[in-house]
Amino acid sequence: MGSKRVGVIIGGSGLIGGTLLYYFKTKAADHVEILAPNSKKLSLRVPEDINQYFSQTKADFIINSAIAAIDSDPQLAFEVNYLGAINLARKALELNIPYIHISSAAILPLGENLTEEDHLPLTKDLSNYAKSKLMTEMTLKHLHETQGLDYTIVRLAVVYGKHDHKIQGFHRLFFSIVDQAMPFMLTKRGVMHSYSNAQKLPDFIHHMLDHREEFTGQTYNFVDRNPVELAQLILTIKSYLELSVPKEVYVPYALARIGKKVIELIVKGLIRIGIEAKMPGELMFLDRFYQAQTLSPEKLLHSSYVDPDPQKTIFTELPDIIQYYVTRWEQLNLIEPFNKEFFDPKKRAEEFLHSPETLLELIHAGAVDPFAGPVDPCRNGKDLLQKNSSYLKNN
Ligand SMILES: NC(=O)c1ccc[n+]([C@@H]2O[C@H](COP(=O)([O-])OP(=O)(O)OC[C@H]3O[C@@H](n4cnc5c(N)ncnc54)[C@H](OP(=O)(O)O)[C@@H]3O)[C@@H](O)[C@H]2O)c1
C-alpha cells in the first residue's frame with residue numbers, strides 16, 4: 001500500500017464537515033488520513049492559527065466547510081466566511097495543494113435552472129452570509145486566474161441529511177412541522193427548489209480530488225437531478241407523522257410578510273425589556289418559500305463523476321431522516337414525545353423509565369437483547385415508506 005494522502009477538513013463538527021469526516025474515516029481510510037482541527041485549535045478568524053497548524057501538519061489537500069452562524073453580524077461573517085476561506089486558499093497555494101470550497105445557492109438569484117455561471121450582483125444589500133460567500137467565490141476565481149490556485153467550488157442548495165445539530169435550513173423547516181409550529185402552509189403551490197444530499201457529497205469530493213485536471217478551477221452545482229415542490233414535501237412530512245397541521249391552506253405571501261414583520265417587532269420589544277429572544281430561523285428564508293430556486297445539474301451530470309445512487313432523493317430519505325431527528329429531538333426534550341409505538345417499537349425506553357426491575361429480569365433471562373445495537377433506522381424507514389407509499393403515489 002502506498003503512502004496515504006493527508007487531508008484537512010475545516011468545519012468538521014458541522015453538518016457537512018461531519019459527514020465528510022465520517023466518510024473519509026470509514027470509507028477511504030486506506031487511501032486518506034483525514035484531520036479535522038476544531039475551531040478552538042484552528043479558528044479561521046485567527047490567521048496565525050492557520051499558519052501554525054500547517055507549519056506542523058503536512059497536508060495534501062484542504063476542504064473548507066466552515067461557516068459562521070448564518071445570521072452573524074458583518075464582522076464575523078466577513079472574518080470567518082471570507083477572510084478565513086481566502087487565508088486557507090492562500091495556504092493551499094503556498095503548499096501547492098488543492099483547496100475544495102463549499103459554497104451555497106444563497107449567492108444565486110431566484111429562478112429556475114441556474115447554472116454555475118449565474119450569481120447575484122455583489123451589492124451592499126446582500127445578506128452578510130450571501131455577500132461573504134459570493135466574495136469568496138470571486139476571490140478564489142481571481143487567485144486561480146492570477147496565481148494558479150488549484151481549487152474547486154461545490155455549490156449546495158437546500159441540504160438534507162442527518163447530524164444537523166444546529167437545526168438549520170431544511171431541518172429548521174422540518175423541526176417547525178414536527179413541533180407543529182406551522183399552522184398553515186407558508187408557501188404556494190408549485191414552488192420548486194433544488195436539494196443537495198449531504199451523504200452523497202463526500203464521494204463526489206473524493207472523486208474530484210482524484211481527478212484534479214478535470215475539476216481544477218471549476219464550480220459545480222451539487223444537487224439532486226430533479227427539483228422538489230416545497231408544498232409536496234411539507235405535506236409528505238405531515239402525512240408520515242400523521243399530524244393535523246399545517247392545514248392545507250396556503251397563506252398568501254403578503255400576509256406571511258406582515259406576520260413576519262409583527263414577529264420581528266415582538267422580538268425587538270422583548271429584547272428591549274431584557275428578555276432573550278430571537279426570530280424563528282425558518283422565517284429568515286420566507287421569500288424562498290414563495291419563489292422557486294432550482295440549480296441546473298447539467299454540468300455535474302456531464303462530468304466524469306457518476307452518482308452511485310441516482311434514485312435517492314429527499315423523498316426516499318425522508319423516513320430515515322424523520323426517524324433520526326424525531327428520536328434525537330425527543331431525547332433532547334425539544335419536542336413532545338411522539339408516536340412512541342412507532343419510533344421505539346421495542347418500548348425499551350418506556351420500560352427503563354417505568355419498570356426497570358422487569359426490564360433487568362428480561363435481559364438477564366435472555367428474553368430481550370438490548371445490546372444488539374440500535375434500532376435499525378433503515379428498517380423503520382422502510383416501514384414508514386410502505387405505510388405512506390400510497391400518499392406519495394397519489395400525490
Ligand atoms: N446546511 C445547509 O443547508 C447548507 C446549504 C447550502 C450551503 N451550505 C454550505 O455548506 C457549508 C457547511 O455548512 P454546514 O451546514 O455544515 O454548517 P454548520 O453545521 O453550521 O457547521 C459550521 C462549521 O464551521 C465551524 N466554524 C465556525 N466558525 C469557525 C471558525 N472561526 N473557525 C473554524 N471553524 C469554524 C463550526 O465549528 P464550531 O462548531 O466549532 O464553531 C462548524 O464545524 C457552508 O459553506 C455552507 O455555506 C450549507
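# Reading the terms in a predicted model

User: This is a predicted model. Where is Met192 found?

Analyst: Met192 is in strand β9, residues 192–193.

User: Why is Met192 called partly exposed?

Analyst: The relative accessible area of Met192 is 25%. Buried means under 20% and exposed means over 50%, with partly exposed in between. Met192, at 25%, is therefore partly exposed.

User: What makes Trp329 buried?

Analyst: Trp329 has a relative accessible area of 1%, and the cut-off for buried is under 20%. Trp329 therefore counts as buried. Trp329 belongs to helix α12. The C-alpha atoms of Trp329 and Val178 are separated by 9.6 Å, although the two are 151 residues apart along the chain.

User: Which residues have the most contacts inside the largest nonpolar core?

Analyst: They are Phe170, Phe174, Leu186, Leu233, Leu241, Ile314 and Leu318, in a core of 40 residues. The elements giving two or more residues to this core are α5, α8, α10 and α12. Helix α12 gives the most, with 9 residues. There is also a second, separate core of 28 residues, including Ile9, Phe215, Tyr220 and Phe222.

User: What makes the contact between Asp210 and Arg5 a salt bridge?

Analyst: The N to O distance between the side chains of Asp210 and Arg5 is 2.5 Å. The cut-off is a side-chain nitrogen of Lys or Arg within 4 Å of a carboxyl oxygen of Asp or Glu, so this pair is a salt bridge. Asp210 lies in helix α6 and Arg5 in strand β1, so the pair ties together parts that are 205 residues apart in sequence. Asp210 is partly exposed at 43% relative accessibility, and Arg5 is partly exposed at 25%.

User: How many salt bridges does the structure hold?

Analyst: The structure holds 12 salt bridges. One of them joins the side chains of Lys124 and Asp125, at 3.4 Å from N to O. Both of these residues, Lys124 and Asp125, are exposed. Another joins Asp307 and Lys200, at 3.0 Å from N to O. Asp307 is in the loop between α11 and α12, and Lys200 in the loop between β10 and α6, so this pair links distant parts of the chain, 107 residues apart.

User: Why is Lys200 called buried, and why is Asp307 called partly exposed?

Analyst: Lys200 has 7% relative accessibility, and buried means under 20%, so Lys200 is buried. Asp307 has a relative accessible area of 26%, which lies between the 20% and 50% cut-offs, so Asp307 is partly exposed.

User: How do you know that the span of helix α3 agrees with its number of residues?

Analyst: Helix α3 has 22 residues, 74–95, and at 1.5 Å a residue these should span 32 Å. The end C-alpha atoms of α3 are 30 Å apart, which agrees. Helix α3 also bends by about 30° at Leu83. Asn96 follows α3 and has a positive phi, near 60°.

User: Which residues make the nonpolar surface patch of about 370 Å²?

Analyst: Leu255, Ile258, Val262 and Ile266 make this patch. Val262 lies in helix α9, residues 253–272.

Note on methods. Residues numbered from 1 in each chain as written. Predicted model: local features only at pLDDT ≥ 70, side-chain atom pairs only at ≥ 80, totals over all residues. Heavy atoms only, no water. Patch = residues over 30% accessible without salt bridge, like charges linked within 9 Å, V, L, I, M, F, W, Y side chains within 5 Å. Areas by Shrake-Rupley, 256 points an atom, 1.4 Å probe, with all protein chains shown as cover. Helix = DSSP H or I, 4+ residues; strand = E, 2+ residues; numbered from the N terminus. Expected span 1.5 Å × (residues − 1). Bend = angle between axes of the 7 residues up to and from the residue. Core = buried A, V, L, I, M, F, W, Y, C linked by side-chain atoms within 4.5 Å. Buried < 20%, exposed > 50% of the residue type's maximum accessible area, 1.4 Å probe, protein only.
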